[in-house]
Amino acid sequence: MNVYDGERMAELMTAQGMTAAADADSADLVVLNTCHIREKATEKVYSDIGRLRKGARLKDRAAPMIAVAGCVAQAEGEEIVHRAKVDVVVGPQAYHNLPDLVREAAARGSALDTDMPAIAKFGALPARRKTGPSAFLTVQEGCDKFCTYCVVPYTRGAEVSRPFAAIVDEAKALVDAGAREITLLGQNVNAWDDEAGTGLHGLIAALDRIKGLARIRYTTSHPNDMREGLIRAHAEVEKLMPFLHLPVQAGNDRVLKAMNRSHDRDSYLRLLDRVRAARPDIALSGDFIVGFPGETDAEFEDTLSLVDAVGYAQCFSFKYSPRPGTPAADMAGQVPADVMDERLQRLQSALNRDQAAFNAATLGRTCSVLIERQGKLPGQMLGKSPWLQSVHLMTDARIGDLVEVEIVRADPNSLAGVERVKAAA
Ligand code: 5AD
Ligand code: SF4
């Protein structure tokens, strides 16, 4: 989502007559688009600001204007202006005002906007004109779920869906600009809806009709918003890629309850059964947190056994990070760092094992690959399989082409393929 927001801010500033600098060290204005989800991501902002200023000093040039955007800006607001003396602070719902804020800061020293108007931003952004073959499109923002560890409901606000027509228009503009694949984005993307009750599957059906668009993906989904229509879409819509990112966070019911996840281990597993019945080859993905307050060794074992039961294609896993203002930050039983380290290591080795197995299972299969960029070797191109694996191959195909590829080697993090010429129809 921050990649999408970053692209939109770049488009906005370009429309003002600015041009993109080759790197941060030669820029007059640097926008740091920030993440607040874990403490490490937040601290990075302050070290980046220090590094930018030091870089300017070493080169004997004036320090750039610095704008802090994103969820750290939203959460810390005025505090960043004081702590780091930055020029602009702009929250994720207000970045359409970035040009005005930069002008205001140039005139008055600093400017701040952390308002959260419902979805006003999108209408104020310029039309999409530039894209790679694989594009992001935000359709939904915010979260009402209030998992007890998570800052998102506070930084991104309540769940809001963008209007159907605006999304379809943006998708068409992206396809006209060269996108072959669109990934629909939202903190709870499968909660997307409109007054007619269209649901995400209805939106996917509309995108399915766009000529020139070959692939549709969506992320991130919440188990409780996985409606029957969306599951059916995985069986029926050819352009919808066989991949589902459906975070579970933990495998133990007491922990899930303390996290306020509103699903349990069993309901999650049953949901995956239904998804797999609709699309047997679907690649499953998820997020995990280890060391949630009070998590015992035995409860952590339940996470490992859930991983064994599912067989994920690829996952993200994190050590619990207490976030100021969230209920879990004040819970008893904070887990010591060394215990978290060990649990994360065990979990990641299980996830790596399953990812390698998933990749190995594609060996010998022929599938489509969307070419996204050049590889390191001459004549080598890189792309993605339907299951979101990175594939490299030697081919004359160009960026944006879809090629039929036989997978001839499977490594833990990528696949090697050989192009197969389709028999003439
Ligand atoms: N600590 C660690 N991980 C977190 N996530 C969200 N909040 C926290 C936190 N406080 C993880 C969840 C979520 C992903 C985007 O980040 O796994 O799904
Ligand atoms: Fe955070 Fe996701 Fe839970 Fe929302 S559903 S509170 S974004 S972890």
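How far is an oxygen atom of ligand 1 from an N or O atom in the side chain of Gln249? I found 2.6 Å for this pair, in a model that is predicted.

I then looked up two further side chains. For Arg38, I noted 2.9 Å between a side-chain N or O atom and an oxygen atom of ligand 1. For Asp287, a polar side-chain atom lies 2.6 Å from an oxygen atom of the ligand. I also recorded that ligand 1, taken alone, exposes 400 Å², of which the protein buries 86%.

Next I asked which elements give two or more residues to the shell around ligand 1. They are strand E11 (283-290) and strand E12 (314-319). Among the residues surrounding the ligand I listed Tyr149, Ile289, Phe318 and Lys319.

I turned to the record. UniProt, in an unreviewed entry, places the feature "domain: Radical SAM core" at residues 129-357. Over that range I noted 40% helix and 16% strand, with the end C-alpha atoms 40 Å apart.

Is Leu174 buried or exposed? I classed Leu174 as buried because its relative accessible area is 0%, and buried means under 20%. Leaving aside residues up to four places away in sequence, its contacts include Arg128, Thr131, Phe136 and Ile182. The C-alpha atoms of Leu174 and Ala127 are separated by 9.2 Å, although the two residues are 47 residues apart along the chain.

Notes: Residues are numbered from 1 along each chain as its sequence is written. Chains are lettered from A and ligands numbered from 1 in the order in which they are written. This is a predicted model: local features need pLDDT of at least 70, side-chain atom pairs count only at pLDDT 80 or more; totals for chains, interfaces and linings use all residues. Side-chain values use heavy atoms; hydrogens and water are left out. Buried means under 20% relative accessible area, exposed over 50%, partly exposed in between (1.4 Å probe, protein chains only). Contact means heavy atoms within 4.5 Å. UniProt positions are given in the numbering used here, feature names are shortened, and annotations may be inferred rather than shown by experiment. Helices (H or I, at least four residues) and strands (E, at least two) are DSSP runs, numbered from the N terminus. A residue is near a molecule or strand if one of its heavy atoms lies within 4 Å of it. A polar contact is a pair of N or O atoms within 3.5 Å; within protein, one must be able to donate a hydrogen and the other to accept it, and residues adjacent in sequence count only if both atoms are side-chain atoms. Accessible areas come from the Shrake-Rupley method with a 1.4 Å probe; for residues, only the protein chains shown count as cover.
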